[in-house]
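Please open the structure in your viewer and keep the selection panel at hand.

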Amino acid sequence: MIRRISGLCAWLLLAICLYFFENNTGTRIVLLLSLLLPLIPSVRASLLRRDSPEASETLQPLSRTLSVPWEELFGDVRTYQPGDPVNRIHWKLSAKRHELLSRQVSFDDQPASAPCDLPVPAPDRSAQRKKRAVRLPALLLPISACLLFLPSIRMSAMALANSVFEMSEQSNAYLYEHFPVSPDTSLLPALLLLLLILGILLGILLLSGSRLLALGMAAVCVIFQVYFGLSLPSPLQVALFLLLVLWCLARPLEKRVLLHLALCVLTVSLLVCLVFPGTDLSVETASERVRDLLSRLTGAQTALLSETPAGETETRHLHGRTLTEGSQEAQAEREFQLVTLQEVQISQPPWTGLLRTVLLLLGVIAALILPFLPFMLMEMRRRKALEAQKVFASENLREAVLAIFQNITGALHVMGLDGGNLPYCAWENQLAEKLTDGYARHFSECVPVFEQAAYSDHPLSENQRQQALDLLYETRQLLESRSDWRQKLRLRYGECLWVASPS
Amino acid sequence: MRPELEQVVQEVEKVIAGKREGIVRILLALLADGHVLLDDVPGVGKTTLAVALSRAVGLSCRRVQFTPDVLPSDLVGFSMVDPSGTLNYRPGALSGTHLLLGDEINRASSRTQSALLEAMEERQVSVDGKTYPLEKPFLVIATQNSVGTSGTQFLPYAQMDRFLIRLTLGYPDYAAQMAMLRSRQGGNPMDRVVCVLKRERLLDMQKDVQTLTVKDAILDYITRLTMASRTHEAVSVGISPRGALFLDRMARAKAYAEGRDFVTGADVQAVFPDVCAHRVLLKEESRQSVEEVLQDLLRSVDVPDRRAVWKLKA
């Protein structure tokens with residue numbers, strides 16, 4: 001909740017700032033969209049919330065066979081330590097390297113038994129204190145933005161904006177309408193306010209760890225740079241985005257994640273520095289472009305002037321005086337036409353600016369979000385899976401057993417090893433054929449538990465739940481041991497969470 | 001299989017070897033309080049089976065050989081003036097019988113057939129405005145000669161529908177026939193069949209079957225199966241609502257015999273071909289056999305197990 005409020009406050013701040021510095025329609029739309037962005041529920045849900053480490057730790061024993069850790073998916077191994085379970089030994093690699101290697105799994109040190117104990121995590125004091133601490137800066141943020149209403153600070157901010165415009169004009173071929181500010185206005189109050197706001201934002205970022213805020217800041221940074229055509233030196237740029245993007249990722253970081261991260265930074269930097277013209281042009285190139293445009297226009301002008309009809313020349317001879325007057329009028333008219341033509345060509349039609357802004361915004365959002373999309377989807381799946389696993393330990397044994405069976409049959413279905421449209425008690429043959437005889441036997445031994453849960457009113461016992469859970473672990477282990485990384489990914493992604501029919 | 005029922009099956013198997021499947025099904029029909037139609041060639045042991053079953057369960061058994069001139073009064077009885085001038089009811093073949101074996105039922109006249117079928121449905125006979133209840137349990141095992149034999153006619157569809165299951169015993173295999181021949185060497189094995197299940201106990205069991213738990217998921221499956229049969233492309237007349245009722249009853253009996261007190265989807269699947277084979281009329285142009293169509297239905301209709309787990313909506 002607090003994180004949400006702080007995130008919204010940040011967007012509010014952005015909105016206020018933009019409102020004071022631009023009255024261009026495109027920026028208004030940016031403003032509107034930026035206000036709408038946090039309202040997209042999936043973006044908000046996946047970015048704003050991050051499950052606390054305590055919660056995932058408590059669910060760890062349950063999820064140990066269900067969610068394969070990343071290391072294992074990509075085969076991260078370490079040398080065998082005495083005490084590592086034998087089934088974690090990576091035999092293939094061990095044979096290759098002539099030493100024992102074991103797959104590194106985060107829950108190695110936990111005993112395999114009692115997967116059903118779910119200790120209720122005690123509410124963490126420090127987390128609550130942190131929340132309370134976030135509240136203050138989050139409230140400070142709009143208040144400090146409201147300081148802009150003070151005339152002196154506002155003047156100073158406008159002067160600051162003017163200096164930004166000047167910088168932009170110096171490095172690009174852009175023209176800005178400067179704010180009417182007396183030249184001796186001090187920049188100091190605006191700079192201080194800016195620093196204050198930045199400080200508060202960083203504070204919130206540090207305290208809450210909101211990913212959305214970091215993304216938002218990155219987006220503002222990119223939009224600012226692209227819009228004004230001012231780009232930071234490349235190393236600084238990369239460092240900045242690295243920092244912001246680093247923040248957005250779930251910790252602890254792994255190899256693959258870092259790779260993705262690098263890709264993301266590269267995308268954003270490329271987008272800013274290369275794709276958008278004018279942002280990183282030298283002054284010479286920019287002014288050359290303007291010169292080209294002007295020369296083309298003057299060429300058109302001379303062509304228009306030299307084009308005089310033949311009949312007109314004759315009449316000029318006949319009525320010398322009136323004719324010169326008439327030609328002067330005509331020339332003035334032509335010049336006027338030329339000026340308007342020039343103006344039309346130099347100032348683009350109004351909608352191009354708007355379109356450009358929208359495209360820019362979409363591009364920036366896409367560049368910022370797309371690299372994270374796989375992570376976000378995986379994360380959502382994982383969270384859903386953990387939710388579903390909570391049912392395994394629920395008071396209602398009937399529901400628990402059904403959920404466990406959903407997981408088992410779902411996993412089998414994902415791997416294409418299920419018995420199809422047959423009652424579960426008739427799956428034994430197919431399972432024996434596709435998997436192992438022992439597993440098929442265990443499965444059919446467990447089916448009566450399911451039937452009792454699904455079709456009878458008898459109460460179930462704790463033992464029966466344990467039986468079903470054992471089958472679940474066996475299924476997962478068997479499937480994992482038989483699949484390559486692609487199938488593992490499928491298994492993990494499937495996670496048996498179809499809402500509708502599995503077929 | 002419940003031990004009591006297992007004993008009955010073993011007793012009957014003393015007489016008929018290698019026909020365990022058929023015996024169990026008939027026993028299930030007895031538990032479900034329904035009637036059996038045996039579709040078979042003569043001489044494969046239908047009568048022997050019925051007599052052995054009646055002995056093992058302690059029921060009275062009667063056999064009626066249907067011919068075109070058997071009259072309804074032969075079955076339901078008739079009233080007759082006795083010497084003192086009062087009108088007395090003389091019971092027919094149905095009264096006092098638990099297990100009636102009706103041989104070659106499709107040779108009987110329509111009148112006789114309908115008299116029998118009414119008794120099967122209502123479990124009572126009416127003569128001269130008076131109603132006489134039949135014994136409990138009352139099981140009819142009717143046999144039908146293959147159509148085309150002289151003097152036979154199709155059993156009307158509406159009457160076929162009243163039988164709970166239709167079975168085919170078929171010829172015994174080599175080992176079974178050798179065993180049968182050997183067993184006849186030292187006297188009639190029928191004498192060795194003893195009563196292992198009391199009639200009262202059987203009635204109790206029938207009651208238990210009636211009160212078994214059947215969840216909505218199973219009823220939903222039965223409904224979907226029967227409705228799918230009505231829209232199947234090869235079928236002209238699908239499974240009737242009575243068929244659905246019978247399917248439910250037979251599935252209960254099956255579950256009960258397995259020692260459970262709730263019905264599962266597998267029970268329904270197991271009894272589906274027996275209960276529904278004679279209720280489905282195929283279109284003339286269809287190339288599938290009834291069995292294929294029924295297997296088709298079982299394959300295409302979602303099993304309740306999957307639905308129970310995945311919480312699918314109907």
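**Between the two chains**

Begin by selecting B:Lys215 and A:Asp457 in this predicted model. These two residues form a salt bridge, in which the closest N and O atoms lie 3.0 Å apart. The rule finds 1 salt bridge across the interface of chain B and chain A.

Next, display the chain B side of the contact. Which helices of chain B each supply at least two residues of the side that touches chain A? They are helix H9 (216-231), helix H11 (265-276), helix H12 (290-300) and helix H13 (304-310). Select H13(B) in particular: with 6 residues, H13(B) gives the most to this side of chain B. Colouring the side of chain B that touches chain A by class shows 13 nonpolar, 5 polar and 7 charged residues.

Now bring both partners into view. The contact draws 25 residues from chain B and 25 residues from chain A. About 2100 Å² of area is buried between the two chains, and carbon and sulfur atoms give 59% of that area. For polar contacts across the interface of chain B and chain A, the rule finds 7 residue pairs, with both residues at pLDDT 80 or more.

**A patch on chain A**

Finally, select A:Leu187, A:Leu188, A:Leu191, A:Leu192, A:Leu194, A:Leu195 and A:Leu198. Together these residues form a nonpolar patch on the surface, with about 640 Å² of accessible area. To place one of them, centre the view on A:Leu192, which is found in helix H9 (residues 188-208) of chain A.

Conventions. Residues are numbered from 1 along each chain as its sequence is written. Chains are lettered from A and ligands numbered from 1 in the order in which they are written. This is a predicted model: local features need pLDDT of at least 70, side-chain atom pairs count only at pLDDT 80 or more; totals for chains, interfaces and linings use all residues. Side-chain values use heavy atoms; hydrogens and water are left out. Contact means heavy atoms within 4.5 Å. Buried area is the accessible area (1.4 Å probe) that two parts lose on being put together, summed over both. A salt bridge is a side-chain nitrogen of Lys or Arg within 4 Å of a carboxyl oxygen of Asp or Glu. A polar contact is a pair of N or O atoms within 3.5 Å; within protein, one must be able to donate a hydrogen and the other to accept it, and residues adjacent in sequence count only if both atoms are side-chain atoms. Helices (H or I, at least four residues) and strands (E, at least two) are DSSP runs, numbered from the N terminus. Ala, Val, Leu, Ile, Met, Phe, Trp, Tyr, Cys and Pro count as nonpolar, Asp, Glu, Lys and Arg as charged, and the others, Gly among them, as polar. Patches are made of residues with over 30% relative accessible area and no salt bridge: like charges are joined within 9 Å, nonpolar side chains (Val, Leu, Ile, Met, Phe, Trp, Tyr) within 5 Å. Accessible areas come from the Shrake-Rupley method with a 1.4 Å probe; for residues, only the protein chains shown count as cover.
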